[in-house]
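Here are my notes on this one, point by point. Have the model open while you read.

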Amino acid sequence: MATTKANSKAAKNDYRFKLKAMDNLQNQLRRDFLELDTRRHFLKQCSTGLGMMALGSLAGCSPKTEDNLLANVANPTAAKQPHFAGKAKSVIYIHCAGSPSQLELFDYKPELQKVSGQACPESFLKGKTFAFIRGVPNMLGPQGEFKQRGQSGAWVSDYLPHFQSVVDEVTFLKAMHTDQFNHAPAQLMMHTGSARLGRPSMGSWVSYGLGTENQNLPGFVVLASGGKNPDAGKSVWGSAFLPSVYQGVQCRTEGDPVLYLTDPDGVSRDLKRRTIDAISAINQKQYEEFHDPETLARISQYEMAYKMQMSVPEIMDIKREPQHVLDMYGVNPEKGSLARNILLARRLVEQGVRFVQLFDWGWDTHGTSDDGALEIGLRNKCREVDKAMAALILDLKQRGLLDETLVVWGGEFGRTPMQENREGKQNSFMGRDHHTEAFTVWMAGGGIKRGYSHGETDEMGYAGVSGRTHVHDLQATIMHCLGFNHEKFTYDFQGRPFRLTDVHGKVIREALA
């Protein structure tokens, strides 16, 4: 009898527990409904947000219209208009990671040759910090033979015999300077405008501002060569706080251009299409229920990935190029190289890609080994790029693309006029330390003056004495060529508008066509 009563009591308790659980579930469903579907809950829970919206409206920061917002989210890579009509529609940026020596290539200093081997003046060392130089190093004269080339009379050394033929298409910025003397922060500064992580790359800004003219390809493509990525890593083509759709898409030069681009065995193109359609249908239902515009972006990204499966392998197949073009660039189609990537860059901008970033590792010439020696390693690296970068300018010009394609070439900083004496000891080979005070960048094409040299360094090539230009000035000039006022081209993040040039930078108007 006692056992029966105990079982009956336990059953009642279990029933009450289940009933309470059902009530809780119903209450939770009711709350969820209220949160999604009633104005009363919205006004109660979002009063602070409404106040901030009103304050933003009074401050002239009205939100975008829903139609514009949805259009931007649903198709974030759609072609957009800049602030004004820019001369350039796309950019090919060739970055020589490690930084080539301007004193061996473009900045001819006969007076430096006269003092080669002598002790460095105290004024060059006092209050200065170098990456590896210690004590008093010796001065080091230029290792190349210089001559004036073209009608512009530009000084170019024998390290770049092919490039000599196109100097009349180029503007040299010979008094560039930066704030950073180590590779990673200097590369970040050059490509994101800040030496610290967390800022969008230049290519991401361009992709965000202009979109892409070809909806089958990303707006920002990255190609790396030299066996390694740059010291700053993939942050130099990252999007940081910009939507991730604007980050650089790194394409490989061997195997699949993009990892996992090829369908697995047994998955046909028709099956992939039906899979994408099914996923899109689910996402569309979710959008109709919650009206979250990010769901539309997800649909768009699936479609882009599907299209890239067809378009990217075709664009990356340089065997489609005629033999005389391959010979013009000095390309072996079976081998990945900087020259191959330069040719691929032309093919990409030809198909509407906005920003093609090339990184080539191996330009750090300290003189600690033969491949890092001015007389050996630098000459070898120049042989890898010389023919191809000259061919790029000629090829773009003959195709009618040079006037609308901006080509930029350079490193992250310069090299010292002193020979590096690592930790106070002379190195085994000729080499130079990192230098922030002077380096050379050249530009050609869309919006840039032809056959012009801007800026000058002192007779030793130590620092700029006229026409000094900072990294932020270069960035401002690139943006101007694309049609952007760099001071107004911003993105709101963490309570303030950010821009590529931060609070710095002036357009180098003397270099504009």
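1. Let's begin with a cysteine. Cys481 is buried, at a relative accessible area of 2% (buried means under 20% relative accessible area, exposed over 50%, partly exposed in between, with a 1.4 Å probe and protein chains only). Cys251 is buried too, with 6%. As for disulfides, the structure holds zero (a disulfide being a pair of cysteine sulfur atoms within 2.5 Å).

2. A word on what you're looking at. This is a predicted model, in which local features need pLDDT of at least 70 and side-chain atom pairs count only at pLDDT 80 or more, while totals for chains, interfaces and linings use all residues. Residues are numbered from 1 along each chain as its sequence is written, and side-chain values use heavy atoms, with hydrogens and water left out.

3. How far to trust it? The chain's mean pLDDT is 87, and 83% of its residues reach 70 or more (pLDDT is the predictor's confidence in each residue, from 0 to 100). Residues 55–70 fall below 50, and beyond near neighbours in sequence that stretch has six contacts in the model (contact means heavy atoms within 4.5 Å). Where pLDDT is low, the predicted coordinates should not be read in detail.

4. The overall picture: 14 helices and 17 strands (DSSP runs numbered from the N terminus, helices being H or I with at least four residues and strands E with at least two). Of the chain's 513 residues, 49% count as buried. Among contacts with a separation of 6 or more, 77% come from residues 24 or more positions apart.

5. Strand β4 (residues 170–177) deserves a look. Eight of its eight residues are buried, so β4 is largely enclosed by the rest of the structure. β4 runs antiparallel to β11 (residues 439–445), joined by five bridges, with Met176 opposite Phe439 (two strands pair if DSSP finds at least two bridges between them). Three bridges join β4 to β12 (residues 452–454) in parallel, and there Thr171 stands opposite Tyr452. β4 also pairs in the parallel sense with β15 (residues 469–470) over two bridges; His177 stands opposite His470.

6. Now the packing. The largest nonpolar core has 58 residues, and Phe163, Ile342 and Trp442 have the most contacts inside it (such a core is a set of buried Ala, Val, Leu, Ile, Met, Phe, Trp, Tyr and Cys residues joined through side-chain atoms within 4.5 Å). Helix α13 (residues 377–398) supplies the largest share of this core, 10 residues. A second, separate core of 42 residues includes Val222, Val441, Ile448 and Leu482. Going back to Trp442, the residues it touches include Phe106, Phe163, Val170, Phe172, Met389 and Trp409.

7. Helix α8 (residues 202–210) is another enclosed element: nine of its nine residues are buried, so the rest of the structure largely encloses it. Among them are Trp205, Tyr208 and Leu210. Just after α8, Gly211 takes a positive phi of about 70°.

8. Which backbone oxygen does the side chain of His472 reach? That of Gly193, at 2.9 Å (a polar contact is a pair of N or O atoms within 3.5 Å; within protein, one must be able to donate a hydrogen and the other to accept it, and residues adjacent in sequence count only if both atoms are side-chain atoms). His472 sits in helix α14 (residues 471–482) and is buried, with a relative accessible area of 4%. Including Gly193, its contacts take in Met189, Leu500, Thr501, His504 and Gly505, leaving aside residues up to four places away in sequence.
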